[in-house]
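Dear colleague,

I am handing over the structure we spoke of, and below it you will find my notes on what was found. Please read them with the structure open beside you.

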Amino acid sequence: LELNFAENGHHAVCGGVASGKSTFLQTAVYAMIRHYSPDRLQLYLLDFGSRLLACFEHAPHVGALICDGENDRARIFFAMLERMLDERKNLLKGGSFSQYIRAKGPVLPAVVIVVDNYAGFREKTQDAYSPAVLRLAKESVSCGIFLLLSASGYGISEIPGKLADYIQTVFALEMGDKFKYGEILRVSRTEVVPEAGVKGRGLVAVNGEILEFQTALAVQA
């Protein structure tokens, strides 16, 4: 199972309490750090969950780790993101990030913004950055800036519908209600549900087919 931001845009992982969302993000960040050099990939981590992302704070790929209570750093970070998006749009002049990299080579790093516990992030920041996140969701894929969010699901207090419309790839970990899988995966119904009680076990749509996956733990070999 691969996370391909260039082809599949923004990603989200949804699931119930203790289903493995933070571990999924930790595994994804670890894999990206292992596979790409800092000049190819930059990561910004907003950890409003279990602090499992804190172990990456000093990785050379990580531009910032922002946690609950760091309101000034969050404000500075989103102002920087707005400038970055404007600068990249001006640089690309209507073209896409992928086209630019094919023409120029890997001279502009991809940027992945990881938010663990999106509902907690919204609550702790008084929802001040929802307009900025929505703008990123709308405009940033073509500029090589991608979102990776975790939440319990879609809804007013979680990932709202306007933002969900721009998330192309969703991983559904264990839910308390079997009907939520179809809502999150955007299918009318699914014949498959993850094995209950297994952390990190979930469903994902691949080429129109709903498949079951198991998240790996990020461990040093």
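**Aromatic pairs and surface features**

Y118 and F121 are both buried. Please keep in mind throughout that this is a predicted model, and that every value here is computed from it.

These two residues sit in helix α5, which covers residues 118-124, and because Y118 and F121 are three residues apart there, about one helical turn separates them. The structure holds eleven aromatic pairs, and I describe two of them.

Since F24 belongs to helix α2 (residues 21-35) while F171 belongs to strand β6 (residues 167-173), the pair ties together parts that are 147 residues apart in sequence. F24 has a relative accessibility of 5% and therefore counts as buried, the cut-off for that term being under 20%; F171, with a relative accessible area of 1%, is buried.

The other pair is that of Y118 and F121, where the ring centres lie 5.8 Å apart and the planes stand at 35°, so this pair is tilted. Y118 and F121 also belong to a cluster, in which ring pairs link them with Y44, F48, F77, F78 and Y129.

Turning to the surface, there is a nonpolar patch formed by L1, V206 and L211, and together these residues have about 240 Å² of accessible area. L1 is located in the segment before α1 (5-8), and its relative accessible area of 62% makes L1 exposed.

Lastly, the backbone deserves a careful look at two positions. Most residues other than glycine have a negative phi, and it is against this background that the next two residues are listed.

- R51, although not a glycine, has a positive phi of about 65°; R51 is found in the loop between β2 (41-47) and β3 (62-67), where a relative accessible area of 44% makes R51 partly exposed.
- D127, which is not a glycine either, has a positive phi of about 60°; D127 is found in the loop between α5 and α6 (130-139), and with a relative accessible area of 31%, D127 is partly exposed.

Notes: Residues numbered from 1 in each chain as written. Predicted model: local features only at pLDDT ≥ 70, side-chain atom pairs only at ≥ 80, totals over all residues. Heavy atoms only, no water. Phe/Tyr/Trp six-rings, centres within 6.5 Å; stacked < 30°, edge-to-face > 60°. Helix = DSSP H or I, 4+ residues; strand = E, 2+ residues; numbered from the N terminus. Buried < 20%, exposed > 50% of the residue type's maximum accessible area, 1.4 Å probe, protein only. Patch = residues over 30% accessible without salt bridge, like charges linked within 9 Å, V, L, I, M, F, W, Y side chains within 5 Å. Areas by Shrake-Rupley, 256 points an atom, 1.4 Å probe, with all protein chains shown as cover. Salt bridge = Lys/Arg side-chain N within 4 Å of Asp/Glu carboxyl O.
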